[in-house]
Amino acid sequence: MKKIYLTLSFVIASNLLSAQNKETKTADKLFDRYEYVDAAKEYLKLVNNGKSDVYVESQLADSYYYIFNTKEAAQWYAKVADKKNDAETYYRYAQMLKANGNYSEADKQMAKFAALKPNDQRAKDFKSNPNYLSDLKAQAKLFDVSNADLNSEN
């Protein structure tokens, strides 16, 4: 009897997993081929059709991350970061927040990343100098940009 229940539960679980794979098959194939723009469109179709879950939102956020669409990536990472405790998600979310100029929230996400992966070099660098922004602003300018006489208006 135990074997029947075990086998039945395995079959049900595999059907549930394959159902998600069927839904995301096209988008996953595009993502695996590094076609992130098209993959993002396919994942958005799934979201708009109500077939969204943490996996789809995470893949969507990663797609935008890889094409450096910072606003969209940050929006989707914000949704994923509440549900998924993956260190790399927090790191990528922090990078997108920094790119958008939201440094205080980026530091919070980097702190979460550092707590999950304390031995990672990126976490060590963050912990060693959490006030890196003021250090960067204090550096002297290395060069000045100005118009030359031979430049046109264009």
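Residues are numbered from 1 along each chain as its sequence is written, and side-chain values use heavy atoms, with hydrogens and water left out. Because the model is predicted, local features need pLDDT of at least 70 and side-chain atom pairs count only at pLDDT 80 or more, whereas totals for chains, interfaces and linings use all residues.

**View 1. The salt bridge between Lys51 and Glu23****.** The structure holds nine salt bridges, each defined as a side-chain nitrogen of Lys or Arg within 4 Å of a carboxyl oxygen of Asp or Glu. In this one the side chains of Lys51 and Glu23 meet with an N to O distance of 3.2 Å. Since Lys51 lies in the loop between helix 2 (36-48) and helix 3 (54-66) and Glu23 belongs to helix 1 (residues 2-32), the pair ties together parts that are 28 residues apart in sequence. Helices here are DSSP runs (H or I, at least four residues), numbered from the N terminus. Lys51 is partly exposed at a relative accessible area of 39%, and Glu23 is likewise partly exposed, at 35%; buried means under 20% relative accessible area, exposed over 50%, and partly exposed in between (1.4 Å probe, protein chains only).

**View 2. The salt bridge between Lys45 and Glu42 in helix 2****.** The closest N and O atoms of Lys45 and Glu42 are 3.2 Å apart, and the two residues, three apart in helix 2, are separated by about one helical turn. Lys45 counts as partly exposed at 47% relative accessibility, as does Glu42 at 22%.

**View 3. The salt bridge between Glu88 and Arg122, and the network around this pair****.** The side chains of Glu88 and Arg122 meet at 3.0 Å, N to O. The pair links distant parts of the chain, with Glu88 in helix 5 (residues 87-99) and Arg122 in helix 7 (residues 121-128), 34 residues apart. Arg122 is partly exposed at 26% relative accessibility, and a network of salt bridges links Asp62, Glu88, Arg92, Asp120 and Arg122.

**View 4. The packing of helix 4 and helix 5****.** Helix 4 (residues 70-83) and helix 5 pack at an angle of about 140°, with their axes 9 Å apart; axes are lines fitted to C-alpha atoms, for helices over the stretch in contact, and angles run from 0 to 180 degrees between N-to-C directions. Residues in contact, that is, with heavy atoms within 4.5 Å, include Tyr77 and Ala81 of helix 4 and Tyr93 and Met96 of helix 5. The residues of this contact divide into eleven nonpolar, two polar and one charged, where Ala, Val, Leu, Ile, Met, Phe, Trp, Tyr, Cys and Pro count as nonpolar, Asp, Glu, Lys and Arg as charged, and the others, Gly among them, as polar.

**View 5. The crossing of helix 3 and helix 5****.** The axes of helix 3 and helix 5 come within 11 Å and cross at roughly 45°, which makes helix 3 oblique to helix 5; angles under 35 degrees count as roughly parallel, over 145 as roughly antiparallel, 65 to 115 as roughly perpendicular and the rest as oblique. Asp62, Tyr65 and Tyr66 of helix 3 make the contact with Arg92, Gln95 and Met96 of helix 5.

View 6. Ser63 is buried, with a relative accessible area of 0%. Leaving aside neighbours within four places in sequence, Ser63 is in contact with Phe31, Tyr36, Ala39, Ala40 and Tyr43.
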